[in-house]
Amino acid sequence: MGLSLSARHIVKRYGGVLALSDGNLEVTSGEVVALMGANGSGKSTLTKIITGVVAPNEGQLLIDNQLARFSHPSAAKRLGIVAVYQELSLIPDMTVAENIWLTHEPMTANFRLRGREMRTRSQVLLDLFSGTVGPALDPEAPIGALAPGERQIVEILKAISAEPRLLILDEATASLDRQQVIRLFDLIKTWKQQGIAIVFVSHRMEEIFRIADRTTVIRNGKTVYSERMENTTEQELIRQMIGDVSLHAAAHLESPAASPVRLRVEGLTAGSVRGVSLQLHDAELLGLGGLQGQGQTDLLLALFGAIPHTGRVLVDDRPVAFRHPDDAMQQGVAFVPGDRSTEGLLLIRSILDNLQLPSWARYGFPLRMPKAYSDATSAARDLNIMMTSLDMLVSSLSGGNAQKVVLGKWLMRKPNLLLLNDPTKGVDVGAKGEFYSLLANLRQSGTSILFYSSDDEELLNLCDRVLVLHDGRISAELRAAGLNHANLVAASMGTEQRL
Amino acid sequence: MSINRLQRVLKRHSYLFALLLLVVALLINFSLQANLFALTTINRNLANSLPLMVLVVGQTVVIIGGGIDLSVGAIVTLGNAILATRIAADASPGDIGLAILLTCGAGLLAGVINGLCVAYLRLQPLVTTYATSFIFSGVALLILPRPGGDVTRDLRTLYLSTPGGIPFTLWMVLLIVVIWLLARGTRYAQFLFATGGKPDAAYFTGVPVNFVRFSTYLWSGLFGALAALALTVSTRTGSPHVGDSMTLQSVVAVILGGTRLSGGQGGVVGSLIGVVILGVISNIISFANVPSWWQTLVNALIIIGALVGPGLVRLARKAVAR
Amino acid sequence: MSAVDLSQNNTSNGSGRLSFMRRLSPPVLALILAVILFFAGGLVNPNFVSVTSAINVVRLAAFLGIIAAGQTLVILSGGEGIDLSAGGVVTLAAILVFRLTNGENNMVPVALLVALSAGAIIGFVNGIGVTLIGIPPLVMTLGMAGVVSGTILVVTGGQLSGKTPEIMAQWISDPLVGGIPGVVFFWLLLSGVMWVVLERSTYGRQLFAIGVNRLAARLSGVRVQRVVILTFTLSGLLSALGGFMLLGFSQIVFLNLGDPYLFPAIAAVAVGGTLLSGGKGSYWGTMSGALVLTLIDSLLTAMRARIPELGEAHKLIILGVILVILLSFYGRQRSVRQ
């Protein structure tokens, strides 16, 4: 039923950038191989080559010991190779059933679709996750109306409906909640028994140790390590992923307890936020935690004036009503989005254009370009952005450097209040360390930071206090001794556990 | 749950708003023109509208697929030129058949050119089909430099006939609807909607996006040729600029009918309704005794009102919700 | 803007063949093409290559270029920005000036003001429709084009009475300095203004930003809706300006004076290297594009004089083929597969 895949010495160039210089991966029927690597390491490129989305420049792909060359994703699909990305392949206006069966719909002899069969077979697939999803997830539901976790499940079911022999799960658990992940892992064990070969790409160490048999690590475009899970440790894997760069110390600082309150929020309601009140002190690093989609992003967007909201917000004891990000910016508020390529950057414009976008009005008319260039240069230097000139397109920067540009454009304005929306998601370990130091520096100069992270470890290490959101409300405020992983998890689920 | 289902039905059948518009427009028209629903009136109106109706079928498919075809008017002119020169007043069925075949071939060839440029050379559809419209107009002009031709009366008689008490043209419209409903239930249709809705996702899933896009232009070329056939049969002559106004009219009709310009949803039924709406509006204006130099403005205002309508409703709903 | 630039489109990088062309910025390449076309004209008809003839080409291109200025802004703003009402606004402006001045030189400033205001109002309505009501620009401007045409008929009652003031012909279309007509100088002045607006003003920077990524722009404080409304308003204003200039050239008006300029204006923007999806481009490019298009037209006309068999039909076909070829150099979109 399954197959064996051997990717050997794969090379891939995108224009002048070398994404993969020596990619290798081996996986056989019935086993789960974890594919690990920092962002920009080349692991997504490798999976895209295996699934035929992208063509390699050099190297060999052997499927069942036969040389394979894919000119189109459908060629790989025909061999039974299917990938699940983070909801990259769903059509929003089409229904769950239509999406699941797209390109292999059950048909009559006259080429007409069998609608009823599509619906019943979709329901059978949806039942695999019964008990972990809401009633909105039915075969006729348009994808656009579903929650991210539900969409991810449809992606997974879509892959399974094609009866794959090799299944690649690329960060497929990112938007799933705890119960859904447990169910998925149960299903994976069944699929293993059926002989399917599985590649599991993930950043989550705990999950990898739970489900994988072997692991392969890619760093800077090269496969550097491959080992059975029982013969390796977490530390070893991290070491292989980031090389010998040591992790920067966390930005943990003593919280200035009696400092004035910079931000006071009372009864904020917006999007999925249903009445949140909080206080943020000067120079404090306040964390927002909880499962994904519980209102954290909407809270930050509301505070930035990007979405309509009700409730009282006071900055430095003055009531404010931000109706547009521009209003918030004028009061010294800054917002760093989670998805930098769609929300944070103008990819086909220069680094200068990106850094100065919020600030052009400061340079008068006509714009004083020499000053704009020099201000941007010093900002880039402070952030240690690796570039050859400010006129380079931002799309030519690596992930970590691009994230610095997103930060840089706000730091140049010396904000009083910095709102961060899961900024280190998908950022590699080395860059994370630099980021934490930056946060520490900002706090030293008095900036207050409200920081949402989907990474529990990060919250626990960095923050003085953490507010956990559940269902759009604050379910717990954790500080000092109460700020531990168990309490965090409990509050995320909406239950209480005091340790 | 029932509100949800209602929303789903509305989304699935994007032509419902257009249908509402049509009913309103027909009522107004009827109040001004008592014989609106008489057989002869219907026959005449349909005979005028059928060419545009045939044309919008192809344009709808292109737009659903995420593109647009601004050369359709030129393709109609080209088809008209071929037919007018090859079908004489005394043409035999063989001549007629050959001429129709040639016309369809020309339409398909035009579609191939458009499709290659947009799908494989990845040129932007708007400007490219505008450029190719020059090419097709030029060829049409080569074939028929001056208005002329005298197409056999027999075809026109057939066109205006009423077999079984129902106009031939209405049979044609019903045929189009039936063909569309059948085609809508095929895998190709799923590919089409996926390509227009989210091409990257469709590609990842294995949909042959480039080929699907290419094929949509073949359809608009073919239906352009068929529209030319309807037009030529009705007017019996050829003219170098006959198709010019039909291009933008086809776009307006498709949008009135509820198909989104960005692609991924919509349907032919709505576009057909859109064409009828355009005709009814035109009727209303002439029967309402609007002074001749006001007619264009009133027509344009009504159309822009219809185009803007759904957007205004959405705006009002948002304001109320706030 | 430097002449050597990185590839502007996210096309998949093909073979080395013609890759040197990708290093030259599109306006420069279009300009080189224009020069080649000009001398090619000399091969057909030796009289083609002369100073007078060159001036005439630039003069004709100036009108197209001025009309295409507004289109450049709208296309740069992204969001499938396009202004299909430009042709109608050109006509309306010309007719308003024709009527209001009725040949009186001292009525020109007032008439110009009225025409520009009319254009700006139409553009403003377009902007409102596109932003607040959420109508795609293609649809909104198409609808407004009909409204403008209808308004012209109502305003004139089908009768085109009026007269062009002499001063307009003198300053716009007749030779002014060194045999060069005023419109060319004005075009150069406009290009300077456009450069300052696009490259040295906050509005221009924000315009490019919303052309690339409206969400990122908004989250960086850009008031997207205001920028879009302003852009369409400017487009209407500039189209009206183009109509004014055109009147100084044609001296008479007719009901579709501006229509033949609409799509060539869009083509000029595309040929000049501005991405039709927005966010990257320049007015220099549009100017080069206008020159190229005018030269193609002139070249074909010159060829027709030489080869009588070459009719209008051949001209149309050749024009279309050349446009497609030009578009395949710089008009290519992102590939689904890389």
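Which domains does the domain assignment give for chain A?

Modeller: What you see is a predicted model, in which local features need pLDDT of at least 70 and side-chain atom pairs count only at pLDDT 80 or more, while totals for chains, interfaces and linings use all residues. Residues are numbered from 1 along each chain as its sequence is written, and chains are lettered from A and ligands numbered from 1 in the order in which they are written.

For chain A, the assignment gives domain 1, covering 5–242, and domain 2, made up of 261–332 together with 415–493; such bounds come from an automatic or database domain assignment. Taken over C-alpha atoms, the centres of domain 1 and domain 2 of chain A are 33 Å apart.

Turning to the strands, chain A has an open sheet of four strands in the order E12-E11-E14-E15, with antiparallel pairing. Strands here (E, at least two residues) and helices (H or I, at least four) are DSSP runs, numbered from the N terminus, and two strands pair if DSSP finds at least two bridges between them. Strand E12 (273–281) and strand E15 (318–320) of chain A are the edge strands, and each has a single partner strand, so one side of each is left without a neighbour in the sheet. On average, neighbouring strands of this sheet are turned by 20° against each other, with direction ignored; the axes are lines fitted to C-alpha atoms, for helices over the stretch in contact, and angles run from 0 to 180 degrees between N-to-C directions.

Strands of a sheet pair through backbone hydrogen bonds, either parallel or antiparallel.

The peptide bond that joins Phe365(A) and Pro366(A) is cis, with omega about -5°, and Pro366(A) belongs to the loop between helix H12 (351–356) and helix H13 (369–383) of chain A.
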